[in-house]
Amino acid sequence: MKITGKLRLIFTILTIIYILVPLLVVIPASFTSASYPSFPPQGFSFQWYTKLLERPEFMTALINSAKFAFMAAFFAVIFGTLGALAIAKYDIPGKAYITSLLTSPLSVPQLVLGVALLIYFTPLMLAGTGTGFLIAHIIICIPYVIRLVLTGLSGFDYNLERAAAILGASPLTVFWKVTLPLIRPAIISGGLFAFLISFDNVTVSLFMVSPDMRTLPIEIFSHMQDAYDPLVASVSSVVIFISVILIVILEKLQGVGKIFGGTH
């Protein structure tokens, strides 16, 4: 048992290192003073971040990414929370199939999902539009909200709702005053992950985006087709910094351990 535990710990550490190594390469490379990507970086300079501010296409793409990610997360939280509550609280016929359907974007390859959405949206005149782009991002974000809210509801004490109802609270009051505060950490974490998934999505976005509507990942991808310079590393570092900041904010507000079932 002790050997198995040690092997599991070693495997976990190696997995974390494998995930973090690209980040440890990209961020230092963005501060190089050379005109080409290099690691270890040659010299130290903020020139590539300065040039990033001078490139309006990247700044516009950043604003577009943030705007669509916020809207996608907002609607995903609403639909995903309602869906999770319905699945958890009510004995719906075919509940297992409904749950699998709602969370299917997690298991379907993003490339297949992007092609399917393009084929479906084209006759509806939604392909290449802001509305179609937003709907596609909502679809890929909802499963994360459902998963996390269902996790938050797994230990939910429904006697609290019954007690509030017995005391005369209306269903809306019960939801707003009892249910919502108890599952708020799960909802916030679902919204955060939805924002990050939408903000950083490339595969599905490639099929939904139009020439006059670019997001930051798409702009990075397009820039790499023409030139590979440290500017790509600086833009990628900005995406990493945004993700880290959001995780830190979540930890300060709710605590990541509580969200994933840690100690309260």
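Of the 264 residues in this protein, 37% count as buried, where buried means under 20% relative accessible area, exposed means over 50%, and partly exposed is in between (1.4 Å probe, protein chains only). Before you click around, know that this is a predicted model, in which local features need pLDDT of at least 70 and side-chain atom pairs count only at pLDDT 80 or more, while totals for chains, interfaces and linings use all residues. Residues are numbered from 1 along each chain as its sequence is written, and side-chain values use heavy atoms, with hydrogens and water left out.

**Stop 1: the whole fold.** Switch to a cartoon view. You'll find 12 helices and 0 strands; both are DSSP runs numbered from the N terminus, helices being H or I with at least four residues and strands E with at least two. The C-alpha trace spans about 70 × 60 × 35 Å along its principal axes.

**Stop 2: a nonpolar patch.** Now select Leu 7, Leu 9, Ile 10, Ile 13, Leu 14, Ile 17, Val 21, Val 25 and Phe 39, and show the surface. Together they make a nonpolar surface patch of about 820 Å². Patches are made of residues with over 30% relative accessible area and no salt bridge, with like charges joined within 9 Å and nonpolar side chains (Val, Leu, Ile, Met, Phe, Trp, Tyr) within 5 Å; the areas come from the Shrake-Rupley method with a 1.4 Å probe, and for residues only the protein chains shown count as cover. Zoom in on Val 25, which lies in helix α1 (residues 2-29). Val 25 counts as partly exposed because its relative accessibility is 31%.

**Stop 3: the salt bridge.** How many salt bridges does the structure hold? It holds 1, and a salt bridge here is a side-chain nitrogen of Lys or Arg within 4 Å of a carboxyl oxygen of Asp or Glu. Select Arg 214 and Glu 219: their closest N and O atoms are 3.3 Å apart. Arg 214 is at 26% relative accessibility, so it counts as partly exposed, whereas Glu 219, at 11%, counts as buried.

**Stop 4: the lining of a cavity.** Finally, select Ser 65, Phe 68, Phe 133, His 137, Ser 198, Phe 199, Asn 201, Thr 215 and Pro 217, which line the largest cavity. A cavity is a set of points on a 1 Å grid over the protein atoms alone where a 1.4 Å probe fits but cannot get out, and lining residues have an atom within 4 Å of a point. Helices α3 (56-89), α6 (130-153) and α8 (171-199) each give two or more residues to this lining.

Terms used:
On a 1 Å grid over the protein atoms alone, a cavity is a set of points where a 1.4 Å probe fits but cannot get out, and a pocket is an open set with protein on both sides within 12 Å along at least five of seven lines; lining residues have an atom within 4 Å of a point.
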